Amino acid sequence: MGGSSNTTTTTSGGGGGGGGGKDKDKGKDSPAAFTEGERVLAYHGPLLYEAKVQKTENREDEWRYFVHYLGWNKNWDEWVPSDRLLKYTEENIRKQQELTKNQAVDKTIKTGRAAQNNPKGSNDAKTNKEDTKGVVKGKKRKNQLGNEVAIIPKLEKERRSSESLLMSQFPLTLKKQLVDDWEFVTQLGKLVKLPRSPTVDDILKKYLEHRIKKDNKISDSYAEITRGLRCYFDKALPAMLLYKKEQKQYKEEIKGDVSPSSVYGAEHLLRLFVKLPELLASVNMEEDALNKLHQKLLDILKFLQKNQVAFFLSAYDGDSKGADAVKGK
C-alpha cells in the first residue's frame, strides 16, 4: 500500500492524534481505544488510509486491532497496535491529506534527482535499475508483529503502483462512497438492484459529451480512454470487482452477449478505479505517458464526484432477487 520502499515501520508519533494511544489501552483491565466496526485512519508506512476495525484482542496485556483497509483487497487485512490507528475526525483527515501531499512532493523531488543523476539511455542508469531490482527481490523487512517476511516482488509492484497520482488524489467524497458500498454489501447483505440507470455505458457517454462541450471539439484521446475503461470494466468485473455475495446476482444478470457495462452502474465503476493502478502496473508505458493517463483518469473521477448524487445510489435494495438469494443461504 502506501509509503516509500525505504519506510516500512510506523513512526513513533503515529498514534499522536488517535484519541487512544498505545499507553492508554495497555493492561488487561484497560478498555480498548477502538471498537469493532469503528471507522479509523490507519498508518501503513508514512501514509494514512481509511480502515475499519473488524476484531479486537487483548494480547499480552496490550490491545491489538484487526483492520480492513477500505477499498483494498482483504489480503492487506492485518493486526495492528493502537499506535498505528487514529480516530476518524476532521483534524486527522486533514493530517491524512497533508501526509499524502508531502509524500507526492517528496516523490516528485526524488524522481527529478534520479533523472539528473541518470540521464535516460545511459548505461549507468540501466545498471542502477538492474541493481535496484536485485535489492527489491532479495529485500526483507519486519512487519508490525516482529516477524521477518520476504517482500514478494508482485506485492511490492502493487504497493508501488498504489502510490500513483491517481490514488493520492482520489476525491474524499468518493472514498466515502466506497466505504458505504462496502458496508451495504458485506455488512448489511444488500446489493445494488440491477440493471442500473445510468449504466457504465451511459456514464462514459455522458463524460464524452461533457468533454466535447468543455473543449469545443471531439478528443480522440478521451474517446480512446473511455473505450479502454469500458473494456477493462467488462473484463475485470467478474474477476476482481465483485464481492462474494454479488457473484450469484452477476450470473443471473449477465448472460449471452450482455456486457456488464450495459447492466452495472457507478457503484461498480468506482471500484475499478481502485484497481486501475494495479492493472496499469503491468502495462509497458513511459512514465510521462502514464502520468498523462492518470491526469485524464482523475478528470473522470472529478466528473463522477460532480455528478455523485445523480450517478450513485444513496441506499441499496436489500429486497432484490440477488440479495434475497444471498440471505437465503
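**A patch on the surface**

Guide: About 18,200 Å² of the chain is accessible surface, and carbon and sulfur atoms account for 50% of that area. The model is a predicted one, and every value here is computed from it. On this surface, Lys213, Lys214, Lys302 and Lys306 form a positive patch. Two helices each supply at least two residues of this patch: helix 6, which covers 200–215, and helix 10, which covers 287–306. Lys213 belongs to helix 6. Lys213 has a relative accessible area of 76% and is therefore exposed, the cut-off for that class being over 50%.

Now the setting. Twelve helices and seven strands make up the count of these elements in the chain. The chain has 329 residues, and 43% of them count as buried. Take the contacts between residues at least 6 apart in sequence: 70% of these join residues at least 24 apart.

Pro46 sits in the loop that links strand 1 (39–44) to strand 2 (47–59). Pro46 counts as partly exposed because its relative accessibility is 22%; buried would require a value under 20%.

To return to the request, the part in question is the positive patch of Lys213, Lys214, Lys302 and Lys306, with helix 6 and helix 10 each supplying at least two of its residues.

Methods. Residues are numbered from 1 along each chain as its sequence is written. This is a predicted model: local features need pLDDT of at least 70, side-chain atom pairs count only at pLDDT 80 or more; totals for chains, interfaces and linings use all residues. Side-chain values use heavy atoms; hydrogens and water are left out. Helices (H or I, at least four residues) and strands (E, at least two) are DSSP runs, numbered from the N terminus. Buried means under 20% relative accessible area, exposed over 50%, partly exposed in between (1.4 Å probe, protein chains only). Contact means heavy atoms within 4.5 Å. Accessible areas come from the Shrake-Rupley method with a 1.4 Å probe; for residues, only the protein chains shown count as cover. Patches are made of residues with over 30% relative accessible area and no salt bridge: like charges are joined within 9 Å, nonpolar side chains (Val, Leu, Ile, Met, Phe, Trp, Tyr) within 5 Å. A salt bridge is a side-chain nitrogen of Lys or Arg within 4 Å of a carboxyl oxygen of Asp or Glu. Lys and Arg count as positive and Asp and Glu as negative; His and the chain ends are not counted. The place of a charge is taken as NZ of Lys, CZ of Arg, CG of Asp or CD of Glu.
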